[in-house]
Amino acid sequence: MDRSPGDRPSAVDQPYAPSDPPDQPPTAHAKLDQSSGNQPAGPGAAGEALAVLTSFGRRLLVLVPVYLAGAIGLSVGFVLFGLALYLGWRRVREEKERSLRVARQLLDDEERLTAKTLYMSHRELPAWVSFPDVEKAEWLNKIVAQVWPFLGQYMEKLLAETVAPAVRGSNPHLQTFTFTRVELGEKPLRIIGVRVHPGQRKEQILLDLNISYIGDVQIDVEVKKYFCKAGVKGMQLQGVLRVILEPLIGNLPIVGAVSMFFIRRPTLDINWTGMTNLLDIPGLSSLSDTMIMDSIAAFLVLPNRLLVPLVPDLQDVAQLRSPLPRGIIRIHLLAARGLSSKDKYVKGLIEGKSDPYALVRVGTQTFCSRVIDEELNPQWGETYEVMVHEVPGQEIEVEVFDKDPDKDDFLGRMKLDVGKVLQAGVMDEWFPLQSGQGQVHLRLEWLSLLPDAEKLEQVLQWNRGVSSRPEPPSAAILVVYLDRAQDLPLKKGNKEPNPMVQLSIQDVTQESKAVYNTNGPVWEEAFRFFLQDPRSQELDVQVKDDSRALTLGALTLPLARLLTAPELTLDQWFQLSSSGPNSRLYMKLVMRLLYLDSSEVRFPAVPGTPEAWDLDDEGPQTQRGSSVDAPPRPSHTTPDSNFGTENVLRIHVLEAQDLIAKDRFLGGLVKGKSDPYVKLKLGGRSFRSRVVREDLSPRWNEVFEVIVTSIPGQELEVEVFDKDLDKDDFLGRCKVSLTTVLDNGFLDEWLTLEDVPSGRLHLRLERLTPRPTAAELEEVLQVNSLIQTQKSTELAAALLSVYLERAEDLPLRKGTKPPSPYATLAVGDASHKTKTVSQMSAPVWDESASFLIRKPNSESLELQVRGEGTGALGSLSLPLSELLVADRLCLDHWFMLSNGPGQVLLRAQLGILVSQHSGVEAHSHSYSHSSSSLSEEPELWGGLPHITSPAPELRQRLTHSDSPLETPAGPLGQVKLTVWYYSEERKLVSIVHSCRALRQNGRDPPDPYVSLLLLPDKNRGTKRKSSQKKRTLNPEFDERFEWEMPLDEALRRKLDVSVKSSSSFMSRERELLGKVQLDLAEIDLSQGAAQWYDLMDDKDKGSS
């Protein structure tokens, strides 16, 4: 083979005399050796002696720590620990260096072997060699190799001129920070293969680049002030990088933007130098690599991506940077079987079992199941939900381990591409475990994303029947695109803040990055949340300085607003509270419902119950007995004596005082306050109050309700915590025995918090006993509307007790086999599932359930009878209004099921919850009041009973048709209002109930709403506005408005109430339909009575 003149001869080509120069004969060496034998020891001998002394000195230096430990009086254990730490560091260091050497040698051998074995010098495969999926990209590697030195020059310039000044300016201790060496080395990044996917959409191109970087990069940094040096010398990085060219446009450069991200975490190995050598210490090595990978994952691993716009003014940049997920996969981790046994006893003589648990991964989303002790066929029955962003590409990975005290043993893994789940919709299979034995049982469901709320009730209804743990199933997802803020308040001394944002939904909190030294930050980040019930959940947004000590603004957004927005999307500016007058936040909120699009939906079977495919193999079972000796069919239920004896405990969490401060800033130098909230536990249920920010004497004023029985010894457990990002701090606890409350009916006390130096909590507990009469319902609803706080859920007005005894004539399965039925009872969001009766068309359940009812006139009891594995067998919808007109508010008989031939025997009874300690005086009537009659009739109703009176009955409310004071509405109509001062909250409360007989000026009815203003102030701070009703002259609002102020100030105000209508869709003008002014000094604000007021023209300045 020809060799160029510049090539050096190898050992193979010249095995003898490798040190001979080409122009000197070998005899020259012999002469030199003979002559050198008579010479005295020269500099070579001195160098050898110096090397021996240096080696001896190094070994002697090892004994210095031993001497110092003895001189100080330390234990030998410290020396041994330091020695073990050093040996561990050396081992990790040598392993990394050996790994890098082997990788580089392998790369060099591959190139040399390719050059020798292929007859082409330019190392390209023949044209007839092809790969079906992945294509080689040697042309691209040549370009990268050519560009690599210039890329190194650019990196050196970027680090020296941009990164280094930014680091020096970030901290005064880093003012001498410099990059002393930046070299990317001679080994460039290599692209092993390229795979182009068929476009999912016409406006995008998908490429997968399999990249490998085994480089001799060297980057050294130094902080001269502290004589600190650190750096990186050598790195390995391997992974699959997805590149998306999107959108494709009709102008140059054709591609609008390039998105890049790793589908899965790449593998990374770094060889540290200088002070960062400490990161190679065992324990720190894996921790540092994990932290670095977490940083890369937060930047370049799904769902995060790097977006490079190629054209100016690109539309939907936020959507490209953080697109909506393709879908959601609900993973039911059911069971495993045939696992290998890893536990050994008596040095392996006795074989045990295993303690298996499973890790479920999809991208960066990881879930861990519970551990099942000593079981080779574990039953988990757990459910997880994961967001899928890329199809194809992402995989579902399940790894099974045996839990051990030291290191967990690997039992096997399975992988499945998410594209198969998308194609199947629902997969319910046993998957074999690779690298192990056994199988794992998964049920995988693909949930589509719907952009409207039309099927929300259907989704919630299905979710009630899903047995899910550890978390309930989700009904929707929320994606929050956090864009920017404007005019945030400055810090003390007019310093620019470093704003960051905390977004919370219930117990889930996510944080944005901090933007330094600006009051107009730009974040451009996306956050994703799972929602169980978007109708009742809220998004809490807190804008804070990066120290978390200063709140720059807040926003609470009910997610129900999105349900009425177009395509469940809000894209707008939001005004911040507790902030500057012009402080606002720009966000885009997108909600999507999770819908399982499958005609045959069947929920996973509970472990231990016979499944549908097991029942199919069995023959039909005949019921015992015959029609001759069967007992007669009962006409009424026979519940036990304890049915319907429950009470409702109303827990009013008022306030706390002298709580301890747990927040610390600047490493504990600055003492803050606390962000307290309360946890309540009673009878297996738990409740949690809202978080009050930075307050040691917080006021919650929240009400919780729980159904209780008369079982003795019950206790209410109360704990107070300080809300933190990682782990909430404990602020105290106390327990309350329910014996006093259940016996006396009421308890109002300050309770001292235990296990803490200081703090006490104010609670008010009341027992509500259901009453079987509807005469008091209107008064209860009126009182509940008055004492209802904005932060609490709507108070219950009644208790519904349901006893489901049996069913008959349920449809058979496949025409001959009886089903295995169970029933689901639901009222609103609360539900109860009965046991499953195996293979019986006339099951007997004998189960009861109780529900809190907030609006008995409009709610209904929903009953679903379903068969295990066969779907719906029948349903029943019972409006509670039928119970209100029944004798003693009770119905007890057979009910026919719709959507099937069956019927059920149940008892449903309602009890009205009357509070005797609400602190509200409420009239038990509703009457019309004109502007001239307000001061003429006060004594007429002054003697009505107080709602807190111990009298057993209240006066029955008079209907409009029966009221002697009913007067016809004026020419402009009337508005019905309740105006009341809530002393517990120190707030003025107004409830806008409805309007009637409004004026119609045009051809179409108006779109009315009500505007309220507290005079003499006319600013936005006192203005309130109701929702708008479409095309009606008799709108119903039932909306509550509050103003926080002392009573004496409220008595000096006038309430201006205006009923208006929008003129047109495009106009900002509003048509005044009528108004009324109420002088609050002339109203008894302690009564809280609902009254009708005549509407007047704007010209009439008189007050009602």
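**Cores, strands and buried residues**

Modeller: In the largest nonpolar core, which has 39 residues, L478, L539, M587, L589 and M591 touch the most other members. Strand β25 (residues 584-596) gives this core its largest share, 6 residues. A second, separate core has 37 residues, including A807, V827, L884 and L889.

Biologist: What makes a set of residues a nonpolar core?

Modeller: The members must be buried Ala, Val, Leu, Ile, Met, Phe, Trp, Tyr or Cys residues, joined through side-chain atoms within 4.5 Å.

Biologist: What kind of model is this, and how are residues numbered?

Modeller: The model is predicted: local features need pLDDT of at least 70, side-chain atom pairs count only at pLDDT 80 or more, and totals for chains, interfaces and linings use all residues. Residues are numbered from 1 along each chain as its sequence is written, and side-chain values use heavy atoms, with hydrogens and water left out.

Biologist: Which residues does M587 touch?

Modeller: Leaving aside residues up to four places away in sequence, M587 touches V480, Y481, L482, V541, L555, L570, D571, Q572 and F574. Contact means heavy atoms within 4.5 Å.

Biologist: Why is E382 called buried?

Modeller: Buried means under 20% relative accessible area, exposed means over 50%, and partly exposed lies in between (1.4 Å probe, protein chains only). E382 has a relative accessible area of 6%, so E382 is buried. E382 is found in strand β13 (residues 379-388). Not counting residues up to four places away in sequence, E382 touches I331, H332, L333, C368, S369, R370, R469 and P470.

Biologist: How do you know that C890 is buried?

Modeller: C890 has 18% relative accessibility, and the limit is under 20%, so C890 counts as buried. C734 has a relative accessible area of 4%, so C734 is buried too.

Biologist: How many disulfides are there?

Modeller: A search of the whole structure finds 0. A disulfide here is a pair of cysteine sulfur atoms within 2.5 Å.

Biologist: What makes a run of residues a helix or a strand?

Modeller: Both are DSSP runs, numbered from the N terminus: helices are H or I with at least four residues, strands are E with at least two. Helix α13 (residues 777-787) is mostly covered, with 8 of its 11 residues buried. Among them are L777, E779 and V780.

Biologist: How do you know that β8 and β17 pair?

Modeller: Two strands pair if DSSP finds at least two bridges between them. Strand β8 (residues 327-337) and β17 have 9 bridges, so they pair, and they run antiparallel. A335 has H441 in β17 as its bridge partner.

Biologist: What else pairs with β17?

Modeller: Strand β16 (residues 426-432) joins β17 by 7 bridges and runs antiparallel to β17. M427 has L444 as its bridge partner in β17. β17 and β25 are also antiparallel, over 4 bridges. Strand β17 (residues 439-450) is mostly covered: 10 of its 12 residues are buried.

Biologist: Why do β31 and β34 count as edges of their sheet?

Modeller: The sheet is open, with 4 strands in the order β31-β26-β35-β34 and antiparallel pairing. β31 (699-708) and β34 (746-752) each have a single partner strand, so one side of each is left without a neighbour in the sheet. For β34, antiparallel pairing with strand β35 (residues 760-768) runs over 7 bridges. F746 has E766 in β35 as its bridge partner.
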